[in-house]
Structure formats: structure tokens, C-alpha cells
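Student: I am new to this structure and would like to learn how to read it. Please begin with charged side chains.

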Amino acid sequence: MQYVDRVEGLLEALLSREAPAEVAGPCQHCDSGDLAVWRCKDCALPTPMCRHCTRSYHGSNPFHRIECWTGCYFRPA
């Protein structure tokens, strides 16, 4: 079956979104130095941001699903 050959790559792609590449690194959207532990499940590129940037970027998207990194997993926020 050709679909079974692709399972590992698909699972790896899905799981790569579950943990940030840099755990609690500084926000790359601003120069505040605050930790980037917030992400949006609805944005095309869910890069982690600090709290201030998340609020600024999502002021016009109040129904986007925001999550916060707890140290082990992203929890709905």
C-alpha cells in the first residue's frame, strides 16, 4: 500500500507543531526580550510570540484559538 509508506513523514509533521523548536526563547516579533510562549492555532505560521505581540496581532481576530506553552505542552488559553 502506498499510503503506509508516508505515515512516518505525516506523523512527524503533525507532531512538530506540538512543541516549540526553542522552548521559551525570546520573542522574535519584538525587542522586548519577553518569552515567546504563546501561539495561535488558526494562523498560517504559528510562531510563538510574547503576550504583548499575541494581543497586538490578534486584536482584530478575537476568535482565533490561542495556546500557551506550559513547559510540557500547549494548553488552550
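**Salt bridges**

Tutor: Start with E67 and K41, whose side chains meet in a salt bridge at 3.9 Å, N to O. E67 is in strand β2 and K41 in the loop between β1 and α2 (51-57), so this contact ties together parts 26 residues apart in sequence. Keep in mind that this is a predicted model: local features need pLDDT of at least 70, side-chain atom pairs count only at pLDDT 80 or more, and totals for chains, interfaces and linings use all residues. Residues are numbered from 1 along each chain as its sequence is written, and side-chain values use heavy atoms, with hydrogens and water left out.

Student: What is the rule for a salt bridge?

Tutor: Side chains of opposite charge can pair when their charged atoms come close. The rule asks for a side-chain nitrogen of Lys or Arg within 4 Å of a carboxyl oxygen of Asp or Glu. Three salt bridges are counted this way. Another one joins R39 to E67, at 2.7 Å from N to O. R39 belongs to strand β1 and E67 to strand β2, so the pair ties together parts 28 residues apart in sequence.

Student: Is E67 buried or exposed?

Tutor: Buried means under 20% relative accessible area, exposed over 50%, and partly exposed in between (1.4 Å probe, protein chains only). E67 counts as buried because its relative accessible area is 8%, and R39 is buried as well. K41, at 37%, is partly exposed.

Student: Which side chain does R65 meet in a salt bridge?

Tutor: R65 meets D42, at 2.9 Å from N to O. R65 sits in the loop between α2 and β2 and D42 in the loop between β1 and α2, 23 residues apart, so to speak distant parts of the chain. R65 is partly exposed at 46% relative accessibility, and D42 is too, at 34%.

Student: How are the strands arranged in the sheet?

Tutor: Helices (H or I, at least four residues) and strands (E, at least two) are DSSP runs numbered from the N terminus. Two strands pair if DSSP finds at least two bridges between them. Here three strands form an open sheet in the order β1-β2-β3, with antiparallel pairing. At the edges lie β1 (38-40) and β3 (74-76), each pairing on one side only. From one strand to the next the twist averages 35°, using axes fitted as lines to C-alpha atoms (for helices over the stretch in contact) and angles from 0 to 180 degrees between N-to-C directions. Three bridges hold the antiparallel pair of β1 and β2 (residues 66-69); in β2, I66 is the bridge partner of C40.

Student: Which residues make up the largest nonpolar core?

Tutor: A nonpolar core is a set of buried Ala, Val, Leu, Ile, Met, Phe, Trp, Tyr and Cys residues joined through side-chain atoms within 4.5 Å. The largest one has seven residues: V37, W38, C40, I66, C68, W69 and F74. β1 and β2 are the elements that give two or more residues to this core, and β2 provides the largest share, three.

Student: Where is L14 found?

Tutor: L14 is in helix α1 (residues 7-15), and with a relative accessible area of 59% this residue is exposed.
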